[in-house]
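Visitor: Could you take me through this model, please? I would like to begin with how the strands pair.

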Amino acid sequence: MDDIFSQFGDIFGDSFFGGRGRSSGGGGRRVNRGTNLRIKVKLNLQDIANGAEKKIKVNKMVACNTCSGSGAKGTAYESCKVCNGHGVVSRVTQTILGAMQTQSTCSSCSGEGKIIKDKCNTCHGDGVVRGEETITINMPAGVADGMQLSMSGKGNAAVRGGVNGDLLIVVEEEEHAELKRDGVNLFYDCYVNFADAALGTSVEVPLVEGKAKIKIEPGTQSGKVLRLKGKGVPEINSYGRGDLLVNINVWTPTSLSSDEKKNIGAI
Ligand SMILES: [Zn+2]
Ligand SMILES: [Zn+2]
């Protein structure tokens, strides 16, 4: 059993029969739980700035159609005779403190309380088969690399109609070619030549979407930072938004054209 399931995605330390789902009535029947699945979703800066809807095909264990997940052929189920359907067996042992009652999981039915008389031919009694599901994931704006979202019940289906595992979605952030991100702020390195910085100019700066023209004042020094308010990335679960910080780097050309020489002479 474990072998079949461990091939599906990462299993997060959940044992195969993760939740022990004991009912408060003390029935003690075990509820099977499907394992969690983990997938990575790649997002670019535009996805992160706006939020994105991603449709992802996930390979996972799904309920068997033939038996509707029960694992049995038709209604070929019977209550376990060993534990009378309780899933646990009680044993009385004599100790020096007197008689003690201990309970243990019924080995005959693995704690499920019922036994399949006739197994489903499609899933061989597991109630689950390998399949795939296309899942629509709404990624909120402002997420960052390594963040993990979880969709409850979208993981592997459990054997014989238990509780589905969860789908864990890990954000993988694609780097932007020109804009660097630090939290909610974006950074852009802008190179202006010496003559333009001295005389003032306007330059185009890339935004998450489109471009912006910004003015470089005459006499701008290298190292100056221009702030474009609200042109950064939104804060997750908030209305706040970061800025785009443009670092001005003035570079001095090794040779000047006669025009540039004239311009500098005019300053
Ligand atoms: Zn089946
Ligand atoms: Zn039993």
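Guide: Strands S11 and S15 run parallel and are joined by eight bridges. Strands here are DSSP runs of E with at least two residues, helices are runs of H or I with at least four, and both are numbered from the N terminus. Two strands count as paired if DSSP finds at least two bridges between them.

Visitor: Which residue in S15 is the bridge partner of Tyr 188?

Guide: The partner of Tyr 188 is Val 246.

Visitor: Before we go on, what kind of model is this?

Guide: The model is predicted; local features need pLDDT of at least 70, side-chain atom pairs count only at pLDDT 80 or more, and totals for chains, interfaces and linings use all residues. Residues are numbered from 1 along each chain as its sequence is written, while chains are lettered from A and ligands numbered from 1 in the order in which they are written.

Visitor: What pLDDT does the protein average?

Guide: The average is 85, and 86% of the residues score at least 70; pLDDT is the predictor's confidence in each residue, from 0 to 100. Residues 1-26 have a pLDDT below 50, and this stretch has 34 contacts in the model beyond near neighbours in sequence. A contact requires the C-beta atoms of two residues, placed from the backbone, to lie within 7 Å. Where pLDDT is low, the predicted coordinates should not be read in detail.

Visitor: Back to the sheet. What is the strand order?

Guide: The order is S10-S11-S15-S14, an open sheet of four strands with mixed pairing. S10 and S14 (225-228) stand at the edges with a single partner strand each, so one side of each has no neighbour in the sheet. Direction ignored, neighbouring strands are turned by 30 degrees against each other on average, using axes that are lines fitted to C-alpha atoms, with angles from 0 to 180 degrees between N-to-C directions.

Visitor: How many bridges join S10 to S11?

Guide: Three bridges join S10 (residues 180-182) to S11, and these two strands run antiparallel. Lys 180 stands opposite Phe 187, and Asp 182 faces Asn 185. The two strands form a hairpin with two residues between them, where Gly 183 in the turn has a positive phi of about 65 degrees.

Visitor: And the largest nonpolar core: which residues touch the most other members?

Guide: Those are Ile 48, Leu 186 and Tyr 188, in a core of 14 residues. A nonpolar core is a set of buried Ala, Val, Leu, Ile, Met, Phe, Trp, Tyr and Cys residues joined through C-beta atoms within 7 Å. Helix H2 (45-50), S11 (185-193) and S15 (244-251) each give two or more residues to this core.

Visitor: Why does this core lie between domain 1 and domain 3?

Guide: Domain 1 (2-72 + 120-173) and domain 3 (180-266) both give residues to the core, so it lies between them. The bounds come from an automatic or database domain assignment.

Visitor: Changing topic: is Thr 102 buried or exposed?

Guide: Thr 102 is exposed, with 10 other C-beta atoms within 10 Å. Buried means 20 or more such atoms within 10 Å, exposed 12 or fewer, and partly exposed in between, with C-beta atoms placed from the backbone. Thr 102 is found in S5 (residues 98-105) and, leaving aside residues up to four places away in sequence, touches Arg 91 and Thr 93.
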